[in-house]
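Please look at the structure below before reading on.

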Amino acid sequence: MNYRRQLEQLYEAVTGRAAADMHLFKAARGNVLTLPRRLNIYADGYGERLRAAVAADYPALAAFMGAGAFNAVVDVYVAATPSRHWDLNLYPIGLPDLVSPGPAKDLATLEAAIVAVFWAADSAPLTPTDLTGIDEAAFAQMPLDLRTASRLLRFEAAPNAYLTAHRSGAAAMMGVGPEHLLIVRHDHEVHRHALEPLEYDVLTRLSQGQNLTEAIATEAAAEHLPHWLGRWLTDGFFNQS
Amino acid sequence: MMSSSHLGYGLGLRRPHYGHFLNERPRSVDWLEIISDNYIRAHAGYHDMLCDLRTDYPIVMHGVGLSIGTTDALDGDYLSALKGLADKLEAAWVSDHLCFTGINGQNSHDLLPIPYTEEALKHLIPRIHQVQAVLGRELVLENASTYVEFDGASLSEAEFFAELHARTGCGILLDINNVHVSSFNHGWDARAYIDAVPSAAIKQYHLAGHTDHGDYLFDTHNAPVADPVWALYDYARSVHGDRATLIEWDADIPAFEVLEAELDKVRAR
Ligand SMILES: [Fe+2]
């Protein structure tokens with residue numbers, strides 16, 4: 001048995017995918033702890049560690065679904081999802097894929113986005129100072145990239161209101177949407193900005209590579225632009241390119 | 001007198017005490033140990049915080065994700081991120097564990113034991129050299145608590161450490177609680193383990209609490225240091241001398257004063 005095979009055997013036993021060949025391990029010396037129980041210490045820890053990592057990132061979803069249903073989804077996720085990165089913080093991000101469409105999936109998607117934005121790479125924000133000296137025509141042609149640490153989201157239900165109520169300790173009720181949001185990390189904190197539907201459309205176009213002139217497709221959007229732009233710059237919506 | 005690498009008595013920097021360290025800068029703590037993995041890809045706010053704390057405390061970087069024992073290639077991104085943060089913080093040293101955490105691209109996020117064989121030595125030695133070359137500094141490896149041992153080992157764990165040190169110059173972070181836990185679990189002689197570790201390699205001691213499950217001890221880091229671990233710490237210091245010592249407390253983290261009281265116990269010995 002070579003070194004690699006020895007590690008693989010232990011790994012498979014620890015992750016519950018295969019029974020290990022017990023001859024690989026030392027029998028306990030005068031100790032009542034049997035080999036299967038020794039391996040189970042690792043196997044139990046593996047499951048608990050991954051389940052705890054997932055549960056820690058979805059507190060509102062757990063409250064919304066109830067412990068039984070939430071834990072069942074987490075169990076399925078952990079069984080189906082080996083971790084493929086040294087960073088356990090990224091492990092929970094795929095959970096929404098296992099939640100059936102509807103308000104619960106919206107809430108899962110929102111909580112996953114918050115985690116993703118928290119751990120996304122840094123980028124400097126575009127600020128009003130960066131725009132000094134740029135004339136209106138040039139500005140209208142500028143590409144505006146949403147911050148690296150951001151997610152633009154649209155939900156049929158109202159998971160953001162639910163999450164806000166849940167975090168404040170109030171009795172949270174899932175309302176009817178739609179909700180439009182930009183989750184962005186700015187000044188080292190994750191912010192959830194509620195967007196007007198039209199504003200969401202414009203930001204979607206900008207995120208698809210259109211410049212400001214192309215993205216402002218309607219008169220109504222043009223009318224709102226000065227107001228939006230102030231907030232977009234103050235709250236760090238765009239990367240400094 | 002403390003040698004230059006004897007930083008004194010430190011604590012792990014954990015989230016519940018960020019505010020206390022930032023605002024109060026307690027002098028009862030000589031140095032801080034951070035879990036490298038929690039910071040190397042964190043946003044700049046965390047790096048700013050660490051740089052701020054670094055003005056008052058030496059910082060040691062302690063990782064859990066290196067997986068020095070695995071047969072997968074070393075993760076270049078991980079190593080360069082480690083080096084970047086170590087340079088930024090002028091880390092006193094960089095440590096991880098003698099273990100593997102995953103294989104074939106998968107990760108258990110646990111510190112799994114390796115067989116202590118010649119074949120394993122041959123595998124690990126060039127990898128340690130590679131890590132040290134990237135980091136530009138010595139790698140310090142810690143003994144993990146273990147619950148199973150591979151059969152056919154030609155060396156004890158302590159002898160394996162001694163070989164690694166002799167052939168790579170790597171340092172040893174001797175976790176006294178882990179020596180106690182593994183010795184209980186495997187029927188080793190804990191004092192013989194301590195005796196077999198080369199003094200010159202020991203950079204640091206860890207002390208931590210564990211949970212007694214009757215027929216085995218579990219490394220939980222959620223309790224005060226147990227009496228037999230204090231006794232083994234005294235023994236290690238009588239054999240190898242005093243070293244930078246850290247109280248590890250990672251779960252059910254208590255009030256800062258409780259940790260301070262544990263540090264007082266270390267100082268009083
Ligand atoms: Fe330790």
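From strand 4 of chain B (residues 94–97), V94(B) and D96(B) point one way, whereas S95(B) and H97(B) point the other way. In a regular strand, side chains alternate between the two faces of the sheet. All four of these residues are buried, that is, under 20% relative accessible area, with exposed meaning over 50% and partly exposed in between (1.4 Å probe, protein chains only). Strands here are DSSP runs of E with at least two residues, and helices are runs of H or I with at least four, both numbered from the N terminus.

The model is predicted: local features need pLDDT of at least 70, side-chain atom pairs count only at pLDDT 80 or more, and totals for chains, interfaces and linings use all residues. Residues are numbered from 1 along each chain as its sequence is written, chains are lettered from A and ligands numbered from 1 in the order in which they are written, and side-chain values use heavy atoms, leaving out hydrogens and water.

| Strand pair in chain B | Bridges | Direction |
|---|---|---|
| strand 3 (residues 59–62) and strand 4 | two bridges | parallel |
| strand 4 and strand 7 | four bridges | parallel |
| strand 7 and strand 8 (residues 171–175) | three bridges | parallel |

H62(B) stands opposite S95(B) of strand 4. H97(B) has E142(B) in strand 7 as its bridge partner, and L141(B) is partnered by I172(B) in strand 8.

Strand 3, helix 3 (residues 76–89) and strand 4 of chain B form a right-handed β-α-β unit. Right-handed means that, with the strands pointing away from the viewer, the path from the first strand over the helix to the second runs clockwise. Strand 7, helix 5 (residues 157–168) and strand 8 of chain B make another right-handed β-α-β unit.

In strand 7 of chain B, V140(B) and E142(B) point one way and L139(B) and L141(B) the other, all of them buried. E142(B) has a relative accessible area of 1%.

Which residues coordinate the iron ion? They are E142(B) (OE), D175(B) (OD), H206(B) (ND1) and E248(B) (OE), at 2.0 to 2.3 Å. Donors are N, O and S atoms within 2.8 Å of the metal (3.2 Å for Na, K and Ca); water is not among the atoms, so sites may look incomplete. The donor residues follow the spacing E-x32-D-x30-H-x41-E. E142(B) lies in strand 7 (residues 139–142) and E248(B) in strand 12 (residues 244–248) of chain B, so the pair ties together parts 106 residues apart in sequence. E248(B) is buried too, at 3% relative accessibility.

Notes: Two strands pair if DSSP finds at least two bridges between them.
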